[in-house]
Amino acid sequence: MTVKRGAILIKNGRVIDPFSKTNAILDIYIEGGKFSKIGKNMKASGAKVLDAKGKIVLPGLIDMHTHLREPGREDVETILSGSIAAVHGGFTSICCMPNTTPPIDDASTLDFVLEKARHAHCNVYPIAAITKGRKGETLSEMAELKSLGAVGFSDDGKGVQDSLLMRRAMEYSLMLAVPILSHCEDESLSAGGSMNEGYTSTVTGLPGIPKESEEVMVARDLLLAELTGARLHICHVSTKRSVELIREAKRRSVKVTCEVTPHHFTLTEELVKSFDTNTKVNPPLRKKEDIKAIAKGLKDGTIDVIASDHAPHLSTEKEFEYEMAPFGMIGLQTTLPLVMKQLVERKLLTLSEAVAKLTTNPAKILNLKKGQIKVGADADLTIIDPKKEWQFKSEDIQSLSKNSPFIGWEFKGKVTWTIVDGRIEFEDK
């Protein structure tokens with residue numbers, strides 16, 4: 001339930017802020033939408049007091065890769081409904097991808113999105129299209145879109161197939177000081193595929209998508225980033241070789257960052273044998289060896305960000321045969337639980353290391369003044385109960401769509417409060 005912005009005093013929570021390397025029991029006083037004081041044994045007359053004893057207080061989580069479907073598919077998701085799902089999942093800031101109808105490729109569509117974002121329950125930052133219509137033929141008016149509020153550029157859902165056009169996009173992005181967020185897919189290799197190519201695709205009879213369709217474009221874009229000096233961010237990395245290519249490029253000081261989704265570090269192609277279309281994603285679920293390589297990349301810093309790639313679809317769309325169903329699953333409410341379950345509980349990452357990939361790192365990549373807890377900064381916080389055990393149920397889903405393979409999963413660690421600009425936007429009752 002949203003309350004009016006007022007003074008809030010958070011007492012006795014364990015504050016973990018990777019940016020300042022803070023890990024201590026502290027009180028936080030919020031006033032006027034900003035962090036006003038941080039210390040111990042604080043009192044504040046008239047403030048709403050949140051007892052965070054036994055809780056973990058984090059900088060507001062940032063999801064730099066979501067699909068909100070508005071404009072064009074408001075039956076599937078809206079900016080408002082997506083923002084509600086976001087705060088339930090602990091996210092205080094999300095970035096919406098431009099594969100809407102029409103795409104976010106001109107000033108009027110961007111203005112529409114920004115107007116809708118003003119009524120959202122969290123901060124919403126638009127990613128604009130690299131090319132007009134996301135057709136990969138002509139660059140969008142990148143300078144104008146950046147001046148109006150675009151924080152990055154991507155044709156996500158489609159890879160830019162023309163190498164010269166991608167080079168030009170990178171050169172423009174360098175002048176604009178924004179990143180290119182690349183969907184790495186060679187469509188001549190992936191065309192018609194439904195799942196990862198290999199033994200399992202042969203057994204199921206489903207057409208395969210070879211891992212090389214991703215890796216070829218990762219290699220190309222790394223070379224173009226090296227050529228131009230532009231900042232490249234590679235979306236939803238899913239293969240062992242992609243991780244290795246990015247690691248090698250970082251050693252050469254290429255300005256590259258990348259992200260992985262929870263489903264790509266959790267699920268394997270074996271699940272596709274169930275023909276559950278909620279397992280159909282792009283890039284597809286890969287092999288155990290890829291998950292192992294992703295875990296290593298998360299640990300050694302090759303992979304900078306964890307992002308949901310929240311991609312809602314109606315059940316009527318997902319009920320088609322596997323080959324005919326659309327790619328994508330929702331993820332705003334399961335990203336943090338899966339990070340806790342798959343990475344933190346298994347000691348693959350410390351909580352601070354994991355939180356950095358959900359806060360400080362995406363903020364730095366996108367030049368957002370978010371992702372840290374310090375006096376004077378915007379009061380965005382995610383407070384979790386690390387011991388609370390719960391089950392993700394269909395009726396808990398706040399998105400307009402319910403296409404998740406994680407329904408029924410058991411988790412430990414739940415969002416207690418989500419605070420955005422000093423407002424309590426979610427409270428677990």
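Mentor: Begin with the surface: the accessible surface of the protein comes to about 17000 Å², and 52% of that belongs to carbon and sulfur atoms. Keep in mind that this is a predicted model.

Trainee: How do you know that the radius of gyration agrees with a compact globule?

Mentor: A compact globule with 429 residues would have a radius of gyration near 22 Å, and the protein has 21 Å, so the two agree. The C-alpha atoms fill a box of roughly 65 × 45 × 45 Å along the principal axes.

Trainee: What share of the residues counts as buried?

Mentor: Of the 429 residues, 61% count as buried. The cut-off for that word is under 20% relative accessible area.

Trainee: What share of the contacts with a separation of 6 or more comes from residues 24 or more positions apart?

Mentor: Such residues account for 75% of those contacts. As for the elements, the protein has 14 helices and 17 strands.

Trainee: Which strands form the sheet with E7 in it, and in what order?

Mentor: The order is E6-E7-E8, an open sheet of 3 strands with parallel pairing. Strand E6 (61-66) and strand E8 (123-126) each have a single partner strand, so they stand at the edges and one side of each is left without a neighbour in the sheet. On average, neighbouring strands here are turned by 20° against each other, direction ignored.

Trainee: What makes E7 a partner of E6 and of E8?

Mentor: Two strands pair if there are at least two bridges between them. E6 and E7 have 4 bridges in the parallel sense, with Ile 62 opposite Ser 93 in E7. Strand E7 (residues 91-96) is also joined to E8 by 4 bridges, again parallel, and Cys 96 stands opposite Pro 126 in E8. Both pairs therefore pass the cut-off of two bridges.

Trainee: Which helix packs on this sheet?

Mentor: Helix H1 (residues 79-88) does, touching E7 and E8, and its direction makes about 140° with that of E7.

Trainee: Why is E6 called largely enclosed?

Mentor: Because 6 of the 6 residues of E6 are buried, the strand is largely enclosed by the rest of the structure.

Trainee: How many residues of helix H12 are buried?

Mentor: In helix H12 (residues 335-344), 9 of the 10 residues are buried, so H12 is also described as largely enclosed by the rest of the structure. Among the buried residues are Thr 335, Pro 337, Met 340 and Gln 342.

Trainee: How do you know that the length of helix H8 agrees with its number of residues?

Mentor: Helix H8 (residues 240-251) has 12 residues, which at 1.5 Å a residue should span 16 Å; its end C-alpha atoms are 17 Å apart, so the span agrees. Just after H8, Ser 253 takes a positive phi of about 70°.

Trainee: Which residues of H8 are buried, and what do they pack against?

Mentor: The buried ones include Val 243, Leu 245, Ile 246 and Arg 247. The buried residues of H8 pack against helix H7 (212-228), strand E12 (232-234), strand E13 (256-260) and helix H10 (288-300).

Trainee: Where do E12 and E13 stand in their sheet?

Mentor: The order is E9-E12-E13-E14, an open sheet of 4 strands with parallel pairing. Strand E9 (180-182) and strand E14 (305-306) are the edge strands, since each pairs on one side only. E13 and E14 pair over 2 bridges, and Glu 259 has Val 305 in E14 as its bridge partner. H8 packs on this sheet, touching E12 and E13, at about 155° to the direction of E13.

Trainee: What makes E2 and E3 a hairpin?

Mentor: Strand E2 (residues 22-31) and strand E3 (residues 34-39) run antiparallel and are joined by 5 bridges. The hairpin has 2 residues between the strands, and Gly 32 in the turn has a positive phi of about 65°. Glu 31 has Lys 34 in E3 as its bridge partner.

Trainee: Why is Lys 393 called partly exposed?

Mentor: Lys 393 has 37% relative accessibility, so it counts as partly exposed. Lys 393 is in the loop between strand E15 (381-391) and strand E16 (410-420). Its C-alpha atom is separated by 5.7 Å from that of Gly 408, 15 residues apart along the chain.

Key:
Residues numbered from 1 in each chain as written. Predicted model: local features only at pLDDT ≥ 70, side-chain atom pairs only at ≥ 80, totals over all residues. Heavy atoms only, no water. Axes fitted to C-alpha atoms, helices over the stretch in contact; angles between N-to-C directions. Contact = heavy atoms within 4.5 Å. Rg over C-alpha atoms; globule rule 2.2 N^0.38 Å. Buried < 20%, exposed > 50% of the residue type's maximum accessible area, 1.4 Å probe, protein only. Areas by Shrake-Rupley, 256 points an atom, 1.4 Å probe, with all protein chains shown as cover. Expected span 1.5 Å × (residues − 1).
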